[in-house]
Amino acid sequence: MREIKYRLRLKARDTGEFLVMNVPLFDEGVGLMQYPVDLNEWEVLSIDEWTGLKDRNGKEIYEKDVMESETYGGERMEVRWREHWGYYLHSMNDNEDDHLNTEEMTMSVVVGNAFEHPHLLKGE
(Lines give C-alpha, C1' and ligand atoms only; values in the text may rest on other atoms or scores of the structure.)
Protein backbone atom coordinates (compact mmCIF):
# COMPACT_ATOMS: atom_id res chain seq x y z
CA MET A 1 0.00 0.00 0.00
CA ARG A 2 1.34 3.41 -0.94
CA GLU A 3 1.95 6.23 1.50
CA ILE A 4 -0.77 8.89 1.31
CA LYS A 5 0.56 12.42 1.49
CA TYR A 6 -0.21 15.85 0.13
CA ARG A 7 1.69 18.87 -1.15
CA LEU A 8 0.24 22.06 0.33
CA ARG A 9 0.68 25.53 -1.09
CA LEU A 10 0.16 28.25 1.49
CA LYS A 11 0.25 32.04 1.41
CA ALA A 12 0.87 34.21 4.48
CA ARG A 13 -2.11 36.47 5.03
CA ASP A 14 0.04 39.39 6.25
CA THR A 15 3.21 39.30 4.12
CA GLY A 16 2.09 37.38 1.03
CA GLU A 17 5.00 34.95 1.50
CA PHE A 18 4.48 31.53 -0.13
CA LEU A 19 5.20 28.21 1.53
CA VAL A 20 5.12 24.70 0.03
CA MET A 21 5.20 21.66 2.30
CA ASN A 22 4.49 17.95 2.12
CA VAL A 23 2.29 16.45 4.81
CA PRO A 24 1.14 12.88 5.53
CA LEU A 25 -2.50 11.94 5.90
CA PHE A 26 -3.81 11.27 9.38
CA ASP A 27 -7.12 9.68 10.35
CA GLU A 28 -8.67 13.09 10.94
CA GLY A 29 -7.55 14.44 7.55
CA VAL A 30 -4.58 16.39 6.24
CA GLY A 31 -2.03 16.60 9.05
CA LEU A 32 -1.53 20.35 9.31
CA MET A 33 -1.42 20.27 13.08
CA GLN A 34 2.00 18.59 13.24
CA TYR A 35 3.54 21.68 11.62
CA PRO A 36 3.81 25.16 13.14
CA VAL A 37 1.18 26.56 10.77
CA ASP A 38 -1.71 28.62 12.08
CA LEU A 39 -4.51 28.67 9.51
CA ASN A 40 -5.51 32.09 10.82
CA GLU A 41 -2.16 33.30 9.48
CA TRP A 42 -1.92 31.17 6.32
CA GLU A 43 -4.31 30.77 3.39
CA VAL A 44 -4.38 27.30 1.78
CA LEU A 45 -4.04 27.85 -1.98
CA SER A 46 -3.79 24.26 -3.17
CA ILE A 47 -3.79 20.71 -1.80
CA ASP A 48 -2.35 18.17 -4.26
CA GLU A 49 -2.26 14.43 -3.58
CA TRP A 50 0.84 12.35 -4.28
CA THR A 51 0.12 9.74 -6.97
CA GLY A 52 2.40 7.20 -5.32
CA LEU A 53 4.62 7.34 -8.44
CA LYS A 54 7.97 8.88 -9.33
CA ASP A 55 9.08 10.17 -12.71
CA ARG A 56 12.03 8.69 -14.59
CA ASN A 57 14.40 10.94 -12.59
CA GLY A 58 13.01 9.77 -9.24
CA LYS A 59 10.95 12.92 -8.52
CA GLU A 60 7.58 12.35 -6.82
CA ILE A 61 4.58 12.97 -9.09
CA TYR A 62 1.71 15.00 -7.60
CA GLU A 63 -1.70 15.96 -8.87
CA LYS A 64 -1.46 19.16 -10.98
CA ASP A 65 2.16 18.47 -11.96
CA VAL A 66 3.09 19.19 -15.57
CA MET A 67 5.01 16.38 -17.27
CA GLU A 68 6.88 16.09 -20.54
CA SER A 69 6.19 12.87 -22.37
CA GLU A 70 8.86 11.43 -24.66
CA THR A 71 6.30 8.97 -26.01
CA TYR A 72 4.27 11.90 -27.32
CA GLY A 73 7.19 13.88 -28.76
CA GLY A 74 7.88 15.99 -25.67
CA GLU A 75 4.24 17.04 -25.31
CA ARG A 76 3.40 18.59 -21.93
CA MET A 77 0.56 17.02 -20.02
CA GLU A 78 -1.03 17.79 -16.65
CA VAL A 79 -1.53 15.11 -14.00
CA ARG A 80 -5.21 14.98 -13.07
CA TRP A 81 -7.57 12.82 -11.04
CA ARG A 82 -10.95 11.56 -12.18
CA GLU A 83 -13.33 9.33 -10.27
CA HIS A 84 -13.37 5.78 -11.73
CA TRP A 85 -10.20 6.52 -13.77
CA GLY A 86 -7.70 7.45 -11.12
CA TYR A 87 -4.67 9.55 -12.10
CA TYR A 88 -4.14 10.27 -15.77
CA LEU A 89 -2.28 12.68 -18.04
CA HIS A 90 -4.39 15.44 -19.62
CA SER A 91 -3.24 16.56 -23.08
CA MET A 92 -2.74 20.32 -23.21
CA ASN A 93 -2.51 20.47 -27.03
CA ASP A 94 -5.95 19.26 -27.95
CA ASN A 95 -7.63 19.67 -24.56
CA GLU A 96 -8.69 16.04 -24.48
CA ASP A 97 -8.56 13.73 -21.52
CA ASP A 98 -6.06 11.08 -22.52
CA HIS A 99 -6.23 8.19 -20.12
CA LEU A 100 -2.57 7.24 -20.22
CA ASN A 101 -1.40 4.50 -17.91
CA THR A 102 0.84 4.95 -14.90
CA GLU A 103 3.78 3.48 -16.82
CA GLU A 104 3.66 6.53 -19.10
CA MET A 105 3.96 8.81 -16.03
CA THR A 106 7.01 6.95 -14.76
CA MET A 107 8.71 7.26 -18.18
CA SER A 108 8.00 11.03 -18.33
CA VAL A 109 9.61 13.95 -16.48
CA VAL A 110 8.02 16.46 -14.09
CA VAL A 111 8.85 19.93 -15.46
CA GLY A 112 6.75 22.00 -13.04
CA ASN A 113 3.19 22.28 -11.85
CA ALA A 114 0.02 24.02 -12.97
CA PHE A 115 -0.08 26.31 -9.95
CA GLU A 116 3.43 27.77 -9.94
CA HIS A 117 4.17 27.41 -13.67
CA PRO A 118 0.92 28.07 -15.60
CA HIS A 119 2.96 29.10 -18.67
CA LEU A 120 3.96 25.43 -19.10
CA LEU A 121 0.35 24.60 -19.88
CA LYS A 122 0.30 27.12 -22.72
CA GLY A 123 3.17 25.51 -24.56
CA GLU A 124 5.72 28.18 -23.61
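Predicted model: local features only at pLDDT ≥ 70, side-chain atom pairs only at ≥ 80, totals over all residues.
Figure 1. Residues are numbered from 1 along each chain as its sequence is written, and side-chain values use heavy atoms, without hydrogens and water. Although buried, Glu-63 has no salt bridge, and Lys-64, the nearest side chain of opposite charge, is 5.3 Å away. Buried denotes under 20% relative accessible area, exposed over 50%, and partly exposed the range in between (1.4 Å probe, protein chains only). A salt bridge requires a side-chain nitrogen of Lys or Arg within 4 Å of a carboxyl oxygen of Asp or Glu. Leaving aside residues up to four places away in sequence, Glu-63 touches several residues, including Arg-7, Asp-48, Trp-81 and Tyr-87 (contact: heavy atoms within 4.5 Å).

**Figure 2. The salt bridge of Asp-48 and Lys-64.** The two side chains meet at 3.0 Å, N to O. Asp-48 belongs to strand E4 (residues 42-54) and Lys-64 to the loop between E5 and E6, so the pair ties together parts 16 residues apart in sequence. Asp-48 is buried, with a relative accessible area of 0%, whereas Lys-64 is partly exposed, at 29%.

**Figure 3. The salt bridge of Arg-80 and Glu-78.** The side chains of Arg-80 and Glu-78 meet at 3.2 Å, N to O. Arg-80 is partly exposed, with a relative accessible area of 28%; Glu-78 is buried, at 9%. Elsewhere, salt bridges with shared partners join Arg-7, Arg-9, Asp-48, Lys-64 and Asp-65 into one network.

**Figure 4. The largest nonpolar core.** Nine residues form this core: Leu-53, Ile-61, Met-67, Met-77, Val-79, Tyr-87, Leu-89, Met-105 and Val-110. A nonpolar core is a set of buried Ala, Val, Leu, Ile, Met, Phe, Trp, Tyr and Cys residues joined through side-chain atoms within 4.5 Å. At least two of the core residues come from each of strand E7 (75-82) and strand E8 (86-91). Another core, of eight residues, lies apart from it and includes Leu-8, Ala-12, Met-21 and Val-37.

Conventions
Helix = DSSP H or I, 4+ residues; strand = E, 2+ residues; numbered from the N terminus. Lys, Arg positive; Asp, Glu negative; His and termini not counted.
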